[in-house]
Amino acid sequence: MVFAVQCPNPKCRKYQLVEDHDRNKIVSCLLCKTPIRVGSGPPPSGRPTPSPTPPPRR
Ligand SMILES: [Zn+2]
């Protein structure tokens, strides 16, 4: 299984495909050679960032 990781370089942001066995490894960006940490699997699609719990209402 392959999945995409995004280059952390703000000037690049290139997505590249990595293999499942590349998890927990460092790959180099194809464009800017920035090391990309392959940590998690495919990014959750369309999931908004969890909002903090609202303060209790009295
Ligand atoms: Zn890059």
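Biologist: Which residue stands opposite Gln16 in E2?

Modeller: Val5 does. This is a predicted model.

Biologist: What makes strand E1 and E2 a pair?

Modeller: Two strands pair if DSSP finds at least two bridges between them. Strand E1 (residues 2–6) and E2 are joined by 5 bridges.

Biologist: Why is strand E2 said to lie largely in the open?

Modeller: A residue counts as buried if 20 or more other C-beta atoms lie within 10 Å of its own. Strand E2 (residues 15–19) has 5 residues, and the number buried is 0, so the strand lies largely in the open.

Biologist: Why is Glu19 called exposed?

Modeller: Glu19 lies in strand E2. Glu19 has 12, so the label is exposed.

Biologist: How far apart are Glu19 and Ala4, in sequence and in space?

Modeller: In sequence, 15 residues separate Glu19 and Ala4. In space, C-alpha to C-alpha, the distance is 8.7 Å.

Biologist: What makes Pro35 partly exposed?

Modeller: The label covers counts between the exposed limit of 12 or fewer and the buried limit of 20 or more. Pro35 has 13 other C-beta atoms within 10 Å, so Pro35 is partly exposed.

Biologist: Where does Pro35 lie, and which residues does Pro35 touch?

Modeller: Pro35 is in strand E4 (residues 35–38). Leaving aside residues up to four places away in sequence, Pro35 touches Ile26 and Ser28. Touching here means C-beta atoms within 7 Å.

Biologist: How far is Pro35 from Cys7?

Modeller: Pro35 and Cys7 are 28 residues apart in sequence. Their C-alpha atoms are 7.9 Å apart in space.

Biologist: What share of the contacts in the protein chain join residues at least 24 apart?

Modeller: The share is 20%, among contacts between residues at least 6 apart in sequence.

Biologist: How many helices and strands does the protein chain have, and how much of the chain is buried?

Modeller: There are 0 helices and 4 strands. The pattern along the sequence is β-β-β-β. Of the 58 residues, 5% count as buried.

Biologist: What is the mean pLDDT of the protein chain, and which element has the highest?

Modeller: The chain mean is 86. Of its residues, 84% reach 70 or more. Strand E3 (residues 25–28) has the highest mean among the elements, 94. E1 has the lowest, 91. Where pLDDT is low, predicted coordinates should not be read in detail.

Key. Residues are numbered from 1 along each chain as its sequence is written. This is a predicted model: local features need pLDDT of at least 70, side-chain atom pairs count only at pLDDT 80 or more; totals for chains, interfaces and linings use all residues. Helices (H or I, at least four residues) and strands (E, at least two) are DSSP runs, numbered from the N terminus. Two residues are in contact if their C-beta atoms, placed from the backbone, lie within 7 Å. pLDDT is the predictor's confidence in each residue, from 0 to 100.
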